[in-house]
Amino acid sequence: MRNKFVNITIDNLSDNFSEISDCIKKYYPIGLTKEDENYFSYSGIVALNKIIKKNSKKNYYEKEWDIGFLEKLKLKLNFQDIFGTTAGLVPNFSGVVRLKNTLESRTELHFYKSLIGNYFTIEV
């Protein structure tokens, strides 16, 4: 059976996905652990903390996400069972659309929009 997970290095990522690789290198201190004295002063970590702080402000979050994007999904696509899931600890906005909810099963669409680049994830 083939393993569905593949380990890649940042160098492998750079060869095929340079934009993503550059973003990771910009924000995340490759090779440093949180125990390293330079970790929290790393320019990318400082920038990430500013992004998280800015986007965790209630008015910004509500305007851009709850009242903005999520309301558009509810109104334009008629998704009524939808809610935001962003916890404020990760530089993204996220949400869940419940597509089916019965006693036997539940089907949900989870989505994440990055705040550090033009990246998103959708999973069912």
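Glutamate 19 lies in helix 2 of this predicted model, and because its relative accessibility is 56%, above the 50% that marks the exposed class, glutamate 19 counts as exposed. Although glutamate 19 and glycine 117 stand 98 residues apart along the chain, their C-alpha atoms are separated by 9.4 Å. Helix 2, where glutamate 19 is found, is also one of the elements that give two or more residues to the largest nonpolar core.

**Overall fold and surface**

- The secondary structure of the chain amounts to 4 helices and 4 strands, and along the sequence these follow the pattern α-α-α-α-β-β-β-β.
- Of the 124 residues in the chain, 23% are buried, while the accessible surface comes to about 9,500 Å², with 54% of that area belonging to carbon and sulfur atoms.
- When contacts between residues at least 6 apart in sequence are considered, 24% of them join residues that are at least 24 apart.

**The largest nonpolar core**

- The largest nonpolar core has 7 residues, namely Cys23, Tyr27, Tyr39, Ile45, Leu48, Ile51 and Ile116.
- Two or more of the core residues come from each of helix 2, which spans 18–27, and helix 3, which spans 43–56, and it is helix 3 that gives the most, with 3 residues.
- Tyrosine 39, a member of this core, is in contact with Pro29, Leu32, Thr33, Lys34 and Ile45 once its neighbours within four places in sequence are left aside; of these partners, Ile45 is itself listed in the core.

**The largest pocket**

- The largest pocket holds about 150 Å³ of space, and its lining is made up of Tyr28, Pro91, Asn92, Tyr112, Lys113, Ser114, Ile116, Tyr119, Phe120 and Thr121.
- Strand 3, covering 106–114, and strand 4, covering 120–123, each supply at least two residues of the lining, and strand 3 gives the most, with 3 residues.

Terms used. Residues are numbered from 1 along each chain as its sequence is written. This is a predicted model: local features need pLDDT of at least 70, side-chain atom pairs count only at pLDDT 80 or more; totals for chains, interfaces and linings use all residues. Side-chain values use heavy atoms; hydrogens and water are left out. Buried means under 20% relative accessible area, exposed over 50%, partly exposed in between (1.4 Å probe, protein chains only). Contact means heavy atoms within 4.5 Å. Accessible areas come from the Shrake-Rupley method with a 1.4 Å probe; for residues, only the protein chains shown count as cover. A nonpolar core is a set of buried Ala, Val, Leu, Ile, Met, Phe, Trp, Tyr and Cys residues joined through side-chain atoms within 4.5 Å. On a 1 Å grid over the protein atoms alone, a cavity is a set of points where a 1.4 Å probe fits but cannot get out, and a pocket is an open set with protein on both sides within 12 Å along at least five of seven lines; lining residues have an atom within 4 Å of a point. Grid points are joined across faces, edges and corners, and a volume is the space filled by probe spheres set on the points.
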